[in-house]
Structures are given as C-alpha cells and as structure tokens.
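Work through the exercises below with the sequence and the model open. Each task is followed by its solution in steps.

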Amino acid sequence: VAVISEQELPSSEVSEFKVDGGVVSWTQEIAGMDCRTQATIESGVLKGGTECSAGGAVAITATFLLQKK
C-alpha cells in the first residue's frame with residue numbers, strides 16, 4: 001500500500017487484512033511505526049482512520065475518505 005502525504009513515505013506490505021461485513025482492517029509498518037487501519041465501505045465510499053504507534057505510544061492518527069468517481 002502506498003501512503004501519500006506531505007512527507008514522502010515508501011510503500012509497505014499489508015498484513016492481517018480482513019473484511020468483516022462492511023468493515024475493512026489491516027496493519028502495516030510505516031516509517032518504522034506499527035500502524036492499524038480500520039475503515040467502512042458504504043455506497044462505494046471507503047472511510048476510516050489509521051493509528052500509528054512507536055515505543056508503545058500513539059505517534060500519529062489520520063483519517064481518510066476515498067470515493068469512487
């Protein structure tokens with residue numbers, strides 16, 4: 001998965017990918033941090049958030065919205 005942000009980050013592999021009903025979740029390492037993402041899919045829209053931690057403390061949280069055009 002490629003992460004697009006103000007800072008350039010390399011692509012990384014996704015693990016623990018799950019789809020449970022309308023909920024999608026996965027984990028991945030981004031910039032040396034363990035990140036967990038959870039999102040819902042409804043009417044072609046993927047909406048969710050990612051929380052990254054380093055050393056046991058939350059370092060970054062981000063939300064996103066992806067819409068099919």
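Two strands pair if DSSP finds at least two bridges between them; helices (H or I, at least four residues) and strands (E, at least two) are DSSP runs, numbered from the N terminus. The model is predicted, so local features need pLDDT of at least 70 and side-chain atom pairs count only at pLDDT 80 or more, while totals for chains, interfaces and linings use all residues. Residues are numbered from 1 along each chain as its sequence is written, and side-chain values use heavy atoms, with hydrogens and water left out.

**Exercise 1. Strand pairing**

Task: Find in which sense β2 and β3 pair, and over how many bridges. Then do this for β1 and β2.

Solution: 
- Step 1. β2 and β3 are antiparallel, with 8 bridges.
- Step 2. β1 and β2 are also paired in the antiparallel sense, over 5 bridges.
- Step 3. Follow V24 in β2: V19 has V24 as its bridge partner, and V24 has A39 in β3 as its bridge partner.
- Step 4. Look at the turns. Between β1 and β2 there are 2 residues, forming a hairpin, and G21 in the turn has a positive phi of about 65°. The hairpin of β2 and β3 has 2 residues between the strands as well.

**Exercise 2. The salt bridge**

Task: Which side chains meet in a salt bridge, and are they buried or exposed?

Solution: 
- Step 1. Apply the rule: a side-chain nitrogen of Lys or Arg within 4 Å of a carboxyl oxygen of Asp or Glu. The count is 1 salt bridge.
- Step 2. The partners are E16 and R36, at 3.6 Å from N to O.
- Step 3. E16 is exposed at 52% relative accessibility, and R36 is exposed at 55%.

**Exercise 3. W26 and its contacts**

Task: How are the rings of F17 and W26 arranged, and what joins W26 to Q28?

Solution: 
- Step 1. Rings of Phe, Tyr and Trp (its six-membered ring) pair if their centres lie within 6.5 Å; planes under 30 degrees apart count as stacked, over 60 as edge-to-face and the rest as tilted. This gives 1 aromatic pair.
- Step 2. The F17 and W26 ring centres are 6.3 Å apart and the planes are at 25°, so the pair is stacked.
- Step 3. F17 is exposed at 53%, whereas W26 is buried at 13%.
- Step 4. A polar contact is a pair of N or O atoms within 3.5 Å; within protein, one must be able to donate a hydrogen and the other to accept it, and residues adjacent in sequence count only if both atoms are side-chain atoms. The side chains of Q28 and W26 make such a contact at 3.1 Å.
- Step 5. Q28 belongs to strand β2 (residues 23-30) and is buried at 7% relative accessibility. In β2, 6 of the 8 residues are buried, so the strand is largely enclosed by the rest of the structure.

Key:
Buried < 20%, exposed > 50% of the residue type's maximum accessible area, 1.4 Å probe, protein only.
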